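Subject: Structure handed over, with notes

Hello,

Here is the structure you are taking over. Please open it before you read the notes that follow.

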Amino acid sequence: MSTTVTRTLLKPRQLGARLMSSASTSQRTALYELHKKHGAKFGPFAGWDMPLVYADQGALDSHLHTRKHASIFDVSHMLQTRIVGKDRHRFLEHLVVADLKELPVGGATLSLFTNPSGGIEDDTIITQQRDSLYVVSNAGCADKDLAHLLKHAKIFQSEGADVEVLKIDDHSLIALQGPASQKALEQLAAVNLSQMPFMTGQSIDIKGIPCHVARSGYTGEDGFELSIPTGE
């Protein structure tokens, strides 16, 4: 049976200055009580109370565990959006550096939001779905990215384009990262994940709950990101 642990989100050099009890004005993820159960110390990040370290494991031990086994990252503070409408590809290609129309269904790509001068506003991962584009953006730029998308969608709509930006408010985002992540997830999913290539995404039932599962992540190890109905 694969071993999994909760995983810190911030770099070790940030811990000393940012350890603090949770602030009442911050948002909390659906796993907040789970973090507390594991003795998490919280700090503010992008308007959220996020775990920094846990009672039984420091940042270095947590890092090494991810490299050897698998770890859970609560990344529900990130922005999830869905772009719909028949002009969705033309719209988003106007804002990012990616050929989205030719991306196969289920295919994902790392891309960049750019400004009118060609500078980088933020990085993002975009997945081609049958009737939409699924976009995940960084928490630290969530408000800015959403405003950017909505502003340009309004311009496109005023010119007669069929496009709409939908913020996904009812799903949380969990990352399972590490060399044991496939084995761990297969205990909960009714599919053989060995047939799922890196940088692809699809709908998979996890313990009977429909989720969007992407094989991706930023840890340098194999892993998955699961968009899960928050109530589950």
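Helices (H or I, at least four residues) and strands (E, at least two) are DSSP runs, numbered from the N terminus. This is a predicted model, in which local features need pLDDT of at least 70 and side-chain atom pairs count only at pLDDT 80 or more, while totals for chains, interfaces and linings use all residues. Residues are numbered from 1 along each chain as its sequence is written, and side-chain values use heavy atoms, with hydrogens and water left out.

The whole chain

The protein chain has six helices and 13 strands. Of its 232 residues, 49% count as buried; buried means under 20% relative accessible area, exposed over 50%, and partly exposed in between, with a 1.4 Å probe and protein chains only. A contact means heavy atoms within 4.5 Å. Among contacts between residues at least 6 apart in sequence, 57% join residues at least 24 apart.

Ile-174 and its strands

Ile-174 lies in strand S10, which covers residues 171-177. It counts as buried because its relative accessibility is 14%.

Two strands pair if DSSP finds at least two bridges between them. S10 and S13 pair in the antiparallel sense over seven bridges, and Ile-174 stands opposite Leu-226 in S13. S12 and S13 are also antiparallel, with three bridges; here His-212 has Ser-227 of S13 as its bridge partner. Six of the seven residues of S13 are buried, so this strand is largely enclosed by the rest of the structure.

Helix H3

Which residues of helix H3 (residues 59-68) are buried? They are Ala-59, Ser-62, His-65 and Thr-66. Seen down the axis of H3, these fall within an arc of 125°, so they line one face of the helix. The arc is that of the directions from the helix axis to the C-beta atoms. An α-helix has 3.6 residues a turn, so residues three or four places apart point the same way. The face of H3 turned away from the buried side carries the exposed residues Leu-60 and Lys-68.

Cavities

On a 1 Å grid over the protein atoms alone, a cavity is a set of points where a 1.4 Å probe fits but cannot get out, and lining residues have an atom within 4 Å of a point. Grid points are joined across faces, edges and corners, and a volume is the space filled by probe spheres set on the points. There are two cavities of 30 Å³ or more.

The largest cavity has a volume of about 70 Å³. Its lining includes His-212, Glu-225 and Ser-227. Strands S7 (120-128), S8 (133-137), S12 (209-214) and S13 (223-229) each give two or more residues to that lining.

The second largest cavity has a volume of about 50 Å³. Among the residues that line it are Met-78, Tyr-218 and Glu-225. S7 gives the most to this lining, with three residues.

Regards

Definitions and conventions:
1 Å grid on protein atoms, 1.4 Å probe; cavity = no way out; pocket = protein on both sides within 12 Å on 5 of 7 lines; lining within 4 Å.
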